[in-house]
Amino acid sequence: MTHIGGPTALIEAAGWRILTDPTFDGPGRRYSFGWGTSSRKEHGPALDPDDLGPVDAVLLSHDHHADNLDDRGRAFLAGVPVVVTTVPGARRLGGGARGLRPWARTELAAPGRLTIEVTATPCRHGPPLSRPITGATVGFALRWDGQEHGVLWITGDTVLYRGVREVPLRMTVDTVLLHLGAVRFPITGRLHYSLTAAEAVELCTLVRPRTIVPVHYEGWSHFSQGRAAVEEAFAAAPDGLGDRLHWLPLRPRDRR
């Protein structure tokens with residue numbers, strides 16, 4: 001895995017090169033998220049699209065917030081053979097994008113490669129009753145032949161709630177990409193729209209993955225918790241859960 005910034009990561013597995021939530025705009029701009037909310041992008045990507053090489057598929061947790069799909073990320077989608085996202089997101093994007101509801105499945109298949117089964121997992125991008133305002137989001141669980149210890153799970157932008165707690169009841173997770181950051185906006189006070197560090201510990205206590213990879217915690221002004229808060233919470237977690245935390249390095253380009 002290569003962390004490019006925010007929620008954007010390149011996953012190379014089973015002969016596939018898969019990108020999550022493409023965000024490639026430079027820093028400095030403020031983006032509206034609707035309903036009086038906005039956020040400023042503080043850091044650019046660790047890699048530009050031209051630096052990536054070929055990408056076989058994009059897994060897009062949602063298309064309607066710029067910290068998950070910005071202008072250059074949207075342009076990047078045109079050159080990707082497969083885009084998997086939410087059902088309303090697929091309608092908006094067009095171009096053959098595949099829309100999945102929670103627990104629906106699709107396959108990444110190509111000659112000479114292992115087939116990857118992609119299962120959409122539930123997300124709620126905010127507090128109870130917020131879905132009509134924050135919109136649909138999904139996570140993704142990836143399964144292929146030869147996995148020894150469980151699926152690769154990308155949580156997507158979500159808080160901890162009943163739907164997310166179903167994941168360990170339905171599947172064994174080996175590695176999880178945690179979308180963190182405890183997103184907050186001044187207009188809604190203490191309400192948060194992505195996992196807090198405490199919620200992440202509670203979720204990982206339920207899931208018990210062997211490897212925990214944080215993403216979606218830096219680079220934007222609406223993240224209220226960064227790496228330090230996550231490290232502190234996991235250091236205090238029981239059963240050595242913090243030893244499973246692995247931070248992917250962000251290249252120097254990200255700090256320009």
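Here is a chat about how the labels on this predicted model follow from their definitions.

Colleague: What ground rules apply here?

Modeller: It's a predicted model, so local features need pLDDT of at least 70 and side-chain atom pairs count only at pLDDT 80 or more, while totals for chains, interfaces and linings use all residues. Residues are numbered from 1 along each chain as its sequence is written, and side-chain values use heavy atoms, with hydrogens and water left out.

Colleague: Which domain does UniProt place at residues 17-217?

Modeller: The unreviewed entry puts "domain: Metallo-beta-lactamase" there. UniProt positions are in the numbering used here, feature names are shortened, and annotations may be inferred rather than shown by experiment. Over residues 17-217 the chain is 20% helix and 26% strand, with the end C-alpha atoms 23 Å apart. Helices (H or I, at least four residues) and strands (E, at least two) are DSSP runs, numbered from the N terminus.

Colleague: Why is the pair of Phe33 and Trp220 called edge-to-face?

Modeller: Rings of Phe, Tyr and Trp (its six-membered ring) pair if their centres lie within 6.5 Å; planes under 30 degrees apart are stacked, over 60 edge-to-face, and the rest tilted. By this rule there are six aromatic pairs. The ring centres of Phe33 and Trp220 are 6.4 Å apart and the planes stand at 80°, so the pair is edge-to-face. That pair links distant parts of the chain: Phe33 is in strand E4 (residues 30-34), Trp220 is in the loop between strand E14 (211-215) and helix H8 (227-235), and they are 187 residues apart.

Colleague: What do the ring pairs link into a cluster?

Modeller: Tyr31, Phe33, Phe185, Tyr193 and Trp220.

Colleague: Are Phe33 and Trp220 buried or exposed?

Modeller: Buried means under 20% relative accessible area, exposed over 50%, and partly exposed in between (1.4 Å probe, protein chains only). Phe33 has 13%, so it is buried. Trp220 has 4%, so that one is buried as well.

Colleague: How do you know that the charged end of Arg170 sits over the ring of Trp103?

Modeller: The rule asks for NZ of Lys or CZ of Arg within 6 Å of the ring centre and within 35 degrees of the ring normal. The charged end of Arg170 is 4.0 Å from the centre of the Trp103 ring. Arg113 lies over the face of Trp16, at 4.6 Å from the ring centre.

Colleague: Why is Cys123 in no disulfide?

Modeller: A disulfide is a covalent bond between the sulfur atoms of two cysteines. The test used here is a pair of cysteine sulfur atoms within 2.5 Å, and the count comes to zero. For Cys123, the nearest cysteine sulfur is that of Cys204, 14 Å away. Cys204 is in no disulfide either, its nearest cysteine sulfur being that of Cys123. Cys123 is buried at 2% relative accessible area, and Cys204 is buried at 1%.

Colleague: What makes E9 and E14 edge strands?

Modeller: Two strands pair if DSSP finds at least two bridges between them. The open sheet of six strands has the order E9-E10-E11-E12-E13-E14, with mixed pairing. Strand E9 (105-108) and E14 each have a single partner strand, so one side of each is left without a neighbour in the sheet.

Colleague: How many bridges join strand E13 to E14?

Modeller: Five, and E13 (residues 173-179) and E14 run parallel.

Colleague: Why is strand E10 called largely enclosed?

Modeller: Five of the six residues of E10 (residues 116-121) are buried, so the strand is largely enclosed by the rest of the structure.

Colleague: What is the phi of Ala14?

Modeller: Most residues other than glycine have a negative phi. Ala14 has a positive value near 55°, and it is found in the loop between strand E2 (8-13) and E3. Its relative accessibility is 21%, so Ala14 counts as partly exposed. Asp239, in the segment after H8, has a positive phi of about 60° although it is not a glycine. Asp239 has a relative accessible area of 65%, so it is exposed.
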